[in-house]
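Please keep the sequence and the coordinates at hand while reading.

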Amino acid sequence: MTRNKTGEAEGRIVLELVDVGKVYRGGRRAVDGLTLRLGPGLVGLLGPNGAGKSTLLRIAATVTRPSSGRVIFDGADAVARPEALRRTLGYLPQDFTGYPKLSGREFLSYLAAVKGLSRRSARARVDELLELVNLTDAARRPLGGYSGGMRRRIGIAQALLADPRVLVVDEPTAGLDPEERVRLRNLLSDLAADRVVLLSTHIVSDVESVAGDIAIVAGGRLRRRGAPADLLRPLAGRVWEVELPPQEVPRLAAGHVLTRTLRTPTGVRARVLAAEPPAPGAVPVTPDLEDAYLDAIHTPQPAAPTVVRR
Ligand SMILES: Nc1ncnc2c1ncn2[C@@H]1O[C@H](COP(=O)(O)OP(=O)(O)OP(=O)(O)O)[C@@H](O)[C@H]1O
């Protein structure tokens with residue numbers, strides 16, 4: 001895959017958010033001039049709480065109108081005329097609950113009817129989706145009794161009803177146990193084979209294994225975009241580990257980003273981002289995505305180009 005200088009995979013672009021901004025009533029600027037171009041595949045939108053991820057996803061899902069900028073779907077303005085995008089969009093909002101009294105099957109069948117699927121094709125589609133999200137055995141149980149993971153999976157199923165070309169999922173792994181997390185990540189990765197999947201999370205490991213393409217946002221802005229290897233490259237030689245007495249940690253933290261600290265029997269082992277050895281005895285270590293993420297969050301401008309042209 002080739003990428004352009006802003007880290008976007010070069011290929012067929014389906015959905016574009018161009019210089020998008022959102023200011024809420026009261027003046028809160030949640031998204032600030034952010035551009036994201038998306039083609040088929042999974043893009044992991046990674047950022048801390050309050051970064052603007054949900055707002056951006058709501059804009060992509062045409063639920064929220066941007067205050068500025070453009071949303072373009074298949075080359076056409078999707079703010080002025082959102083219908084084409086809506087017809088082929090699946091969206092799982094962060095606070096999805098469904099209807100607690102309906103069973104999984106009833107809920108999906110109801111939504112299928114709302115979407116205008118014929119009774120016959122609705123039945124086949126609902127069966128297919130229940131199977132896909134591994135809820136066939138729980139299909140008759142009311143949603144109110146589902147676990148968090150089951151609820152997220154039925155949420156994915158409802159988002160897939162119309163076989164969307166664009167799937168937008170907001171924190172789909174929130175509240176899931178590790179096994180459910182892995183299962184959901186794999187499902188989304190499979191779904192991304194032939195559609196645009198935009199997934200938000202604040203957990204690095206959620207995107208590390210499945211997203212070939214990661215966009216890091218903070219303060220409503222895009223901080224980095226690229227494949228994991230591209231995000232790691234600028235950190236080469238800038239990640240250190242050092243063991244030091246606990247009382248020296250605040251001084252180190254005042255001048256550097258500490259990406260991890262671990263209490264040891266003899267002191268504290270700190271992982272530090274720094275151009276030079278940050279303390280006597282510091283040893284260079286191999287950067288990981290957590291380092292890249294924290295570097296992006298704490299360093300507004302990339303120290304070096306995030307992505308190198310290949
Ligand atoms: N409807 C709203 N009205 C006013 N401010 C809002 C609204 N929705 C979000 N915000 C604010 O906009 C900023 C971005 O919020 P948003 O929910 O988009 O971020 P996020 O990255 O999804 O965070 P989280 O993971 O905590 O949901 C936050 O400061 C939030 O308080």
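**The ligand shell and its surroundings**

By class, the residues that form the shell around the ligand comprise 3 nonpolar, 8 polar and 2 charged residues. The model is a predicted one. In total, 13 residues surround the ligand, and the closest of them are Tyr 24, Ala 30, Asn 49, Ser 54 and Thr 55. The element that gives the most to this shell is helix 1, residues 53–60, with 3 residues.

Helix 1 therefore deserves attention next. It is largely enclosed by the rest of the structure, because 8 of its 8 residues are buried. These buried residues are Lys 53, Ser 54, Thr 55, Leu 56, Leu 57, Arg 58, Ile 59 and Ala 60. After helix 1 comes Thr 62, which has a positive phi, near 60°.

From Ser 54 one may turn to Glu 171. These two residues are 117 residues apart along the chain, and their C-alpha atoms are separated by 8.6 Å. Glu 171 is found in the loop between strand 7 and helix 6. Is Glu 171 buried or exposed? Glu 171 is buried, because 22 other C-beta atoms lie within 10 Å and the threshold for a buried residue is 20 or more. Residues up to four places away in sequence being set aside, Glu 171 touches Gln 94, Ser 200 and Thr 201.

Thr 201 leads on to Leu 46, for Thr 201 is also among the contacts of that residue. Leu 46 is found in strand 3, residues 41–46. With 30 other C-beta atoms within 10 Å, Leu 46 is buried. Apart from neighbours within four places in sequence, its contacts are Thr 201, Val 204, Val 207, Ile 214, Ile 216 and Tyr 293. Leu 46 and Val 217 are 171 residues apart in sequence, yet their C-alpha atoms are 6.2 Å apart in space.

Helix 5, residues 148–159, has 12 residues. From its first C-alpha to its last, helix 5 reaches 17 Å, close to the 16 Å expected at 1.5 Å a residue. The buried residues of helix 5 are Arg 152, Arg 153, Ile 154, Gly 155, Ile 156, Ala 157, Gln 158 and Ala 159. What covers them includes strand 6 (89–92), helix 3 (104–114), helix 4 (119–132), strand 7 (166–170) and helix 6 (178–191).

Asp 19 lies in strand 1, residues 15–23, and has a positive phi near 50°, although it is not a glycine. Asp 19 counts as exposed, because it has 12 C-beta neighbours inside 10 Å. Asn 134 is found in the loop between helix 4 and helix 5. The phi of Asn 134 is near 60°, again a positive value in a residue other than glycine. Asn 134 is partly exposed, with 16 other C-beta atoms within 10 Å.

At the level of the whole chain, the protein is divided into domain 1 (15–88 + 164–230) and domain 2 (237–286). The centres of domain 1 and domain 2, taken over C-alpha atoms, are separated by 33 Å. An unreviewed UniProt entry places the feature "domain: ABC transporter" at residues 15–244. The end C-alpha atoms of residues 15–244 lie 49 Å apart, and this span is 32% helix and 29% strand.

How values were computed:
Residues numbered from 1 in each chain as written. Predicted model: local features only at pLDDT ≥ 70, side-chain atom pairs only at ≥ 80, totals over all residues. Helix = DSSP H or I, 4+ residues; strand = E, 2+ residues; numbered from the N terminus. Contact = placed C-beta atoms within 7 Å. UniProt positions renumbered as here; feature names shortened; annotations may be inferred. Expected span 1.5 Å × (residues − 1). Near = placed C-beta within 6 Å. Nonpolar A, V, L, I, M, F, W, Y, C, P; charged D, E, K, R; others polar. Domains from an automatic or database assignment.
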